[in-house]
Amino acid sequence: MSTKENVQIVKDFFAAMGSYNERDLLALAAEDIEWIIPGEGWPLAGTYRGHAELTAVLKKASKEVEMTYPTPPEFVAQGDRVLVVGVATGKIKATNKTFKDDWVFAITVRNGKVTKIREYIDTQALARAAQKDAPGPV
């Protein structure tokens, strides 16, 4: 596939995530997709593999995190790699703490399917927003 086609696949994948259109999302994802979300101490960190884990992490995200994207992301591509550069603002629902996350997703597209996503995110900002305040002195 051409670089231009790979970018369109990633744009379609992001649109399907944004509207949570599970059918379109899974049609664009390889059955053995791998999504790596780095970090510790925040609800979505982990490595997710396959369609079942992909849908599970997106459902978890909708329950645990509110996010908005103040500006459209930038797509930069070469061959089968598409980098998506953006910023998200939001809050962790359990703590009601807000965050700003400047991020890059490194996405591999093969045979018309998203096969791998590796996020580069502000793990410290997300972990800080997920941290519950310690109880005060009794």
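Before I start: buried means under 20% relative accessible area, exposed means over 50%, and partly exposed is in between, with a 1.4 Å probe and protein chains only.

**Entry 1: what I'm looking at**

This is a predicted model, so I note its limits: local features need pLDDT of at least 70, side-chain atom pairs count only at pLDDT 80 or more, and totals for chains, interfaces and linings use all residues. Residues are numbered from 1 along each chain as its sequence is written, and side-chain values use heavy atoms, with hydrogens and water left out.

**Entry 2: strand β1**

I looked up β1 first. Helices (H or I, at least four residues) and strands (E, at least two) are DSSP runs, numbered from the N terminus. Strand β1 covers residues 29-37, and seven of its nine residues are buried, so the rest of the structure largely encloses it.

Next I checked its partners; two strands pair if DSSP finds at least two bridges between them. With strand β7 (residues 113-120), β1 pairs in the parallel sense over four bridges. On that side W35 stands opposite I117. With strand β2 (residues 46-49), the pairing is antiparallel, over four bridges. There, E34 has R49 as its bridge partner.

**Entry 3: salt bridges**

How many salt bridges does the structure hold? I find five, taking a salt bridge as a side-chain nitrogen of Lys or Arg within 4 Å of a carboxyl oxygen of Asp or Glu.

E34 turns up again here: it forms a salt bridge with K116, with the closest N and O atoms 3.4 Å apart. E34 lies in β1 and K116 in β7, so this pair ties together parts that are 82 residues apart in sequence. E34 is buried at 18% relative accessible area, while K116 is partly exposed at 35%. I also noted that E34, R49 and K116 are linked in a network of salt bridges.

D80 forms a salt bridge with R110, and their closest N and O atoms are 3.3 Å apart. This pair links distant parts of the chain: D80 sits in the loop between β4 (74-78) and β5 (81-92), R110 in strand β6 (residues 97-110), 30 residues apart. D80 is partly exposed at 27%, and R110 is partly exposed at 48%.

D24 forms a salt bridge with R23, closest N and O atoms 3.4 Å apart. D24 is partly exposed at 30%, whereas R23 is exposed at 65%.

**Entry 4: T115**

I then went to T115, which is in strand β7 and is buried at 17%. What does T115 touch, leaving aside its neighbours within four places in sequence? With contact meaning heavy atoms within 4.5 Å, its list includes A30, D32, I33 and E34, and also R110.

**Entry 5: aromatic rings**

I count seven aromatic pairs. Rings of Phe, Tyr and Trp (its six-membered ring) pair if their centres lie within 6.5 Å; planes under 30 degrees apart count as stacked, over 60 as edge-to-face and the rest as tilted.

F14 and F105 have ring centres 5.6 Å apart and planes at 50°, so that pair is tilted. F14 lies in helix α1 (residues 3-18) and F105 in strand β6, so the pair ties together parts 91 residues apart in sequence. F14 is buried at 17%, and F105 is buried at 9%. F105 also forms a tilted pair with W103, at 4.7 Å centre to centre and 45° between the planes. W103 is buried at 5%.

F13, F14, W35, Y69, F75, W103 and F105 form one aromatic cluster.
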